[in-house]
Amino acid sequence: MSSIEPEINNYKSITNNDPIINKINSLLSSAGFDKDQLNVALDAIKNAKEKSLLNKKEDRDFPLIYERVEIPISKPFLTQSCRRNYIDAFDSSWISSLGEYIKEFEFQFAKYIGTNYCLSTSNGTTALELAIAALDLDERSEIIIPDLTFAAVSNAVLAKGHIPVCVDVSPIDWNINLEEIKKSISNKTKAVIVVHSYGIPAIELENICRFCKEQNLWLIEDCAEAHGASIKSKKVGSFGDMATFSFYGNKIITSGEGGAVLTSNKILFERMLKLRDHGMSKERRYFHEIQGFNYRITNPQASLLVSQLKNINQFLEIRKKQELLYDQRLLDYGFTKAKSLNEAVKVNWIYTVQCPKNIISQEIAKYLKLKGIDTRPIFSPISTFPYITQKNNNEVSKQLSKNGLSLPTYIGLDEKTINNICNEIHEFIKNQK
């Protein structure tokens, strides 16, 4: 048994056994209520709550037991070590952007990824903004990004006064396509952002690295969904000029909110160090040499990351086993996944598939929701957003987005629950025939 398995079992016991829900279920069952009648009762509680009929002082902490989602898409797993570290940070009174846990995490995470430097940030979006700002590009420079990714990528480019150029992705790994990058180069192109979507290392990463060097372009890796993934034993995040990570609550390791920028370029590191702290001079306090930002993480947040990082290999192994369970139950039914290089090690951030041709992803998501199972669609192509002026016809991105479905993935999700999810999916497919 791994060191965190007892904590996982305890965590499942706590989160799956709400005493109030169990008491109501027991009372209603003993009174002869069936499942439909139970749902009516839960709706009545919801309505009463919304009308403030239960808003007396003693009821203000009444749990929202009418929530139908029994299996969430994701939830964080915080060990007792996280708790101890957080309390230690609290007791130290270092609760802002200075503290030993920040230093320790930055050192350990740089070591884990294989770079010389790491700067923690307030979230993954500010990590991207900090990396872009450090490039000191001419105003309205073009930065090439994949069309199929989370909006934080394009928003960070826009926030720094530049133009996101959305290019199509590969149908194989769902990541940015080198040939599409080449087609989109102009005299205004200054950088490329490669996103390792859904934990899949970009197949063409090494070729993109070479191309960017030949074209004198900066390369940023967005590894928000790929903590621990690698190509030829080299971690993603150590290939480009800079790399960004997110530690949001649904990520492989988390601090609730948080992010990081990694690099081995000392000049970029020192520039980001200054930009992250309002552009303040290291030699002259409260003298601001350049326009900067407040993109700093807090010491209590970093305390969680120090603990989480120590367990990351166990987290990844558990997630890998969950992926294999899903594979065994779904791939024979026509679901397909993104693929990477044979020499690459992917990570299972959130189990994501393309639905069979006869299945509409939105319909299966609605069905699963009724069964208490949360899902997510794949990201919408960025070029379809109303505030994006460039409107490319990126067909692969559109098709992947239309047919994609993400299923629950988190530490504490056991084999029985995954089988129940897959049984419901099989039942849906059966009813479509």
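This report describes the secondary structure, sheet, helix packing and nonpolar cores of a predicted model.

Residues are numbered from 1 along each chain as its sequence is written, and side-chain values use heavy atoms, with hydrogens and water left out. Local features need pLDDT of at least 70 and side-chain atom pairs count only at pLDDT 80 or more, while totals for chains, interfaces and linings use all residues.

**Overall content**

The chain holds 15 helices and 13 strands. Helices (H or I, at least four residues) and strands (E, at least two) are DSSP runs, numbered from the N terminus. Of the 433 residues, 52% are buried; buried means under 20% relative accessible area, exposed over 50%, and partly exposed in between, with a 1.4 Å probe and protein chains only. Among contacts (heavy atoms within 4.5 Å) between residues at least 6 apart in sequence, 70% join residues at least 24 apart.

An open sheet of seven strands has the order 1-9-8-5-4-2-3, with mixed pairing. Its edges are strand 1 (117-121) and strand 3 (163-167), each of which pairs on one side only. From one strand to the next the twist averages 25°. Axes are lines fitted to C-alpha atoms, for helices over the stretch in contact, and angles run from 0 to 180 degrees between N-to-C directions. Strands of a sheet pair through backbone hydrogen bonds, either parallel or antiparallel. Two strands are taken as paired if DSSP finds at least two bridges between them. The table lists pairings in this sheet, each with one facing residue pair.

| Strands | Sense | Bridges | Facing residues |
|---|---|---|---|
| Strand 1 and strand 9 | antiparallel | five | L119 and V261 |
| Strand 8 and strand 9 | antiparallel | four | T244 and V261 |
| Strand 4 and strand 5 | parallel | five | V192 and L219 |
| Strand 2 and strand 4 | parallel | three | E142 and T189 |

Strand 9 is mostly covered, with five of its five residues buried. On one side these are G259, V261 and T263, and on the other A260 and L262. Strand 4 is largely enclosed by the rest of the structure, because six of its seven residues are buried.

**Helices on the sheet**

**Nonpolar cores**

A nonpolar core is a set of buried Ala, Val, Leu, Ile, Met, Phe, Trp, Tyr and Cys residues joined through side-chain atoms within 4.5 Å. The largest has 46 residues, and F109, F245, F247 and I253 have the most contacts inside it. At least two residues of this core come from each of helix 5, strand 8, strand 9, helix 11 (299-310) and helix 12 (312-330). Helix 5 supplies the largest share, seven residues. Apart from this core lies another of 33 residues, among them A151, A156, V157 and F269. Leaving aside neighbours within four places in sequence, the contacts of F247 include F105, F109, I253, A260 and L305.

Helix 13 and helix 15 (residues 415-432) pack at about 125°, with their axes 10 Å apart. Helix 13 is therefore oblique to helix 15; angles under 35 degrees count as roughly parallel, over 145 as roughly antiparallel, 65 to 115 as roughly perpendicular and the rest as oblique. E363, I364, Y367 and L368 in helix 13 meet I421, E424, I425, E427 and F428 in helix 15.

In helix 14 (residues 395-403), the buried residues are S397, L400, S401 and N403. They pack against strand 11 (352-354), helix 13 (361-370) and strand 13 (404-406).

L405 is found in strand 13 and is buried, with a relative accessible area of 2%. Not counting residues up to four places away in sequence, L405 touches residues including Y351, V353, I364, A365 and I378. L405 and I350 are 55 residues apart in sequence and 9.9 Å apart in space, C-alpha to C-alpha.
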